[in-house]
Amino acid sequence: MAEDLIISKGSKSEKYEELIPQIRALILYESDSIANMANVVAALKQTFDFFWVGFYILREDQLVLGPFQGPIACTRIKKGRGVCGTAWEKGETIVVPDVDQFPGHIACSSLSKSEVVIPLFDDDEFIGVLDIDSDKVNDFTQEDVFYLEQIVGLLE
């Protein structure tokens with residue numbers, strides 16, 4: 001299979017609708033979770049040109065930086081710290097319209113303005129998060145949550 005994405009210049013929803021089956025096909029026969037995370041990150045970055053896209057993976061008692069695309073990032077995050085640690089603690093997706101308004105936000109880059117974090121589970125056991133940052137305030141909506149949760153679900 002050729003690893004080329006075919007995404008039209010439609011609305012955000014149309015792009016997600018075209019992207020999801022391509023991600024599904026891309027990861028379907030690959031058993032390595034890191035390889036699959038890397039391709040998901042690349043597909044999201046290529047399609048939407050988000051400022052930063054990556055996974056943090058649970059290792060013992062903290063989240064550790066996994067596959068990502070964008071500027072260098074924080075390497076380890078404790079439970080309850082920042083948006084990623086809070087999503088882990090609560091076990092739910094968190095959308096932050098303005099990171100400067102989020103108590104305890106971890107500023108890996110001062111250019112990050114809004115963020116969405118989706119928890120990743122394996123058989124109901126928390127294993128990490130997908131973290132996406134934008135350099136625009138209020139860049140993520142429930143539309144993004146709807147589709148990003150589907151994409152993360154493909155990895156579970």
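These legends accompany several close-up views of a predicted model. Residues are numbered from 1 along each chain as its sequence is written, and side-chain values use heavy atoms, with hydrogens and water left out. Because this is a predicted model, local features need pLDDT of at least 70 and side-chain atom pairs count only at pLDDT 80 or more, while totals for chains, interfaces and linings use all residues.

**View 1. The largest nonpolar core has 28 residues.** A nonpolar core here is a set of buried Ala, Val, Leu, Ile, Met, Phe, Trp, Tyr and Cys residues joined through side-chain atoms within 4.5 Å. Buried means under 20% relative accessible area, exposed over 50%, and partly exposed in between (1.4 Å probe, protein chains only). Look for Y16, L44, F55, L130, I132, L148 and I151, which touch the most other members. At least two core residues come from each of α1 (12–27), α2 (33–48), β1 (52–59), β5 (114–122), β6 (125–134) and α4 (142–153). Helices (H or I, at least four residues) and strands (E, at least two) are DSSP runs, numbered from the N terminus. A second, separate core of 18 residues includes F51, V83, V99 and F126.

**View 2. Here are the neighbours of L44.** Leaving aside residues up to four places away in sequence, L44 touches Y16, L19, D49, F50, V53, L130, I132, L148 and I151. Contact means heavy atoms within 4.5 Å.

**View 3. A salt bridge joins K12 and D144.** The N to O distance is 3.0 Å. This pair links distant parts of the chain, with K12 in helix α1 and D144 in helix α4, 132 residues apart. K12 is partly exposed at 25% relative accessibility, whereas D144 is buried at 0%. A salt bridge is a side-chain nitrogen of Lys or Arg within 4 Å of a carboxyl oxygen of Asp or Glu, and the count comes to three.

**View 4. Two further salt bridges are K45 with D49 and D135 with K136.** The closest N and O atoms are 3.9 Å apart for K45 and D49, and 3.5 Å apart for D135 and K136. D49 is exposed, at 58%; D135 is partly exposed, at 41%, as is K136, at 48%.

**View 5. Strand β5 pairs with β4 and with β6.** Strands pair if DSSP finds at least two bridges between them. Strand β4 (residues 94–96) runs antiparallel to β5 over three bridges, with V95 opposite V116. The antiparallel pairing of β5 and β6 spans nine bridges, and F121 has F126 as its bridge partner. Seven of the nine residues of β5 are buried, so this strand is largely enclosed by the rest of the structure.
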